[in-house]
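Visitor: I would like to learn how to read a few features of a structure. Please show me the general idea and then the case at hand.

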Amino acid sequence: MNKKVIFLDVDGTITNYSNQIPASTIEAIRQARANGHLVFTVTGRSKAEMYDEIIDIGFDGYIGGNGSYIEVGDQVLFEQVVDFDDAKAIVDWLHEQGLEFYLESNSGLYASENFVERGTPVMIEYTRYKGQENAEQTTVDSAFPNMIYGADLYRNDLNKVSFILDSYQNYLDAKAKFSHLKVGTWGGAGEKALFGDIGVAQIDKAKAIDLLLEHLKMKREDTFAFGDAKIDIPMLAYCAVGVAVDSGGDEIKAMADYITDAVDDDGIYNAFKHFGLI
C-alpha cells in the first residue's frame, strides 16, 4: 500500500471516555507507522494536556487546539493564539459574569479562583454524560491532573478558554459578546452542554490538516481521519476516508464513510486492519 497519512482525534477515539487507551489502539498505531504510514493526533487538547501515556505511543506530529497549533516532529509549523487584548477581555467578562473557567495553552492549564469548588459537581455530571462508571468519584484533579492554580490569568499564549455554564444563556451571551472569535459548547448536546469555550476564529481541524499536507507534500486522496464527535466532522469530510467509532455521536456516524467498532471493542485496530493499514 502507498504511504498514507492518518489523523486521529484523541478523546473518545484514541482514548475511551474514561481516558483509557486500549492496548489494541496502541498496537495499531505502532504497526501502521512501522508499515511506513504517518500518524498524527488532531485534538482540542493543548500541548499541556498531551500526557505521557499518549505521547509514548509514538506519533509523527500533533495538531492541537482544534487546529490552532501544528507540530511536525520537533518543528512548530503553525501557531495561532488569542490576541492578548481579547484574552484579557474574556477573563474580565467571565469574572463579571461570575463564571468559573480554565485557560488552555501549550504551557499549561490555568484555573480561575473557584474552579475546583464549582467544577467538581460539573465534572461528575460530565463523567455521567460520557457513561463512565463510578462517576461520583470524579474530581477536578482526576480530570485535570496538571491544572495550575493561582497563576496570572492575563496570558499571551492562550489557545482557548473553557468556562462552566450556569445556563445555556451564558453561551449565547458569550457568542454575542465575542462574535469575532470562535465560541462553542461541549460536555452535552445543545442546551444540555456543561461548558462553553472561546478560541481563535476561522480555524478547524480540516484547515490544519490541509496546511500540514502541503508541508508534507502529501495528497488529500491518501488521507484517513478518525473521530467520535461533531467537532471532528470537518476533518472526516475533508479526508479521503472518514471513519467514526461506534461509541461516538450520531451526527458524525451519519456522515462517516465507514463506522468501526467502539473504542473499547478494538475499533481503531479493526479499522486499520479493514483498510489494510496494518
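Predicted model: local features only at pLDDT ≥ 70, side-chain atom pairs only at ≥ 80, totals over all residues.

Visitor: What span does helix 2 reach, and what span is expected?

Guide: The expected span of a helix is 1.5 Å times one less than its number of residues. Helix 2 has 12 residues and reaches 17 Å from first to last C-alpha, close to the expected 16 Å.

Visitor: Which residues of helix 2 are buried?

Guide: Buried means under 20% relative accessible area, exposed over 50%, and partly exposed in between, with a 1.4 Å probe and protein chains only. In helix 2, Ser24, Thr25, Ala28, Ile29 and Ala32 are buried. Down the axis of helix 2, these buried residues fall within an arc of 135°, so they line one face of the helix. The arc is that of the directions from the helix axis to the C-beta atoms. Ala23 and Ala34, on the other side of helix 2, are exposed.

Visitor: What do the buried residues of helix 2 pack against?

Guide: Contact means heavy atoms within 4.5 Å. The buried residues of helix 2 pack against strand 1 (5-8), helix 1, strand 2 (38-42) and helix 11 (267-274).

Visitor: Which residues other than glycine have a positive phi?

Guide: Most residues other than glycine have a negative phi. Asn19 has a phi near 65° and sits in the loop between helix 1 (10-14) and helix 2 (23-34). Asn19 is partly exposed, at 43% relative accessibility. Lys217 has a positive phi of about 60°; its place is the loop between helix 8 (205-216) and strand 12 (223-227). Lys217 is exposed, at 73%.

Visitor: How many residues lie between strand 4 and strand 5 in their hairpin?

Guide: Two strands pair if DSSP finds at least two bridges between them. Strand 4 (69-72) and strand 5 (75-79) are antiparallel, with 4 bridges, and Val72 stands opposite Gln75. Their hairpin has 2 residues between the strands, and Gly73 in the turn has a positive phi of about 60°.

Visitor: What is the strand order of the open sheet of 6 strands?

Guide: The order is 8-7-6-9-11-10, with mixed pairing. The edges are strand 8 (147-148) and strand 10 (182-186), each pairing on one side only. Strand 10 runs antiparallel to strand 11 (195-199), joined by 5 bridges; Thr185 stands opposite Gly196 there. Helix 7 (168-177) packs on this sheet, touching strand 9, strand 10 and strand 11, and its direction makes about 165° with that of strand 10. Axes are lines fitted to C-alpha atoms, for helices over the stretch in contact, and angles run from 0 to 180 degrees between N-to-C directions.

Visitor: Which residues of helix 7 are buried?

Guide: Asn170, Tyr171 and Ala174 are buried in helix 7. They fall within an arc of 100° seen down the axis of helix 7, so they line one face of the helix. The buried residues of helix 7 pack against helix 4 (84-97), strand 9, strand 10 and strand 11.

Conventions: Residues numbered from 1 in each chain as written. Heavy atoms only, no water.
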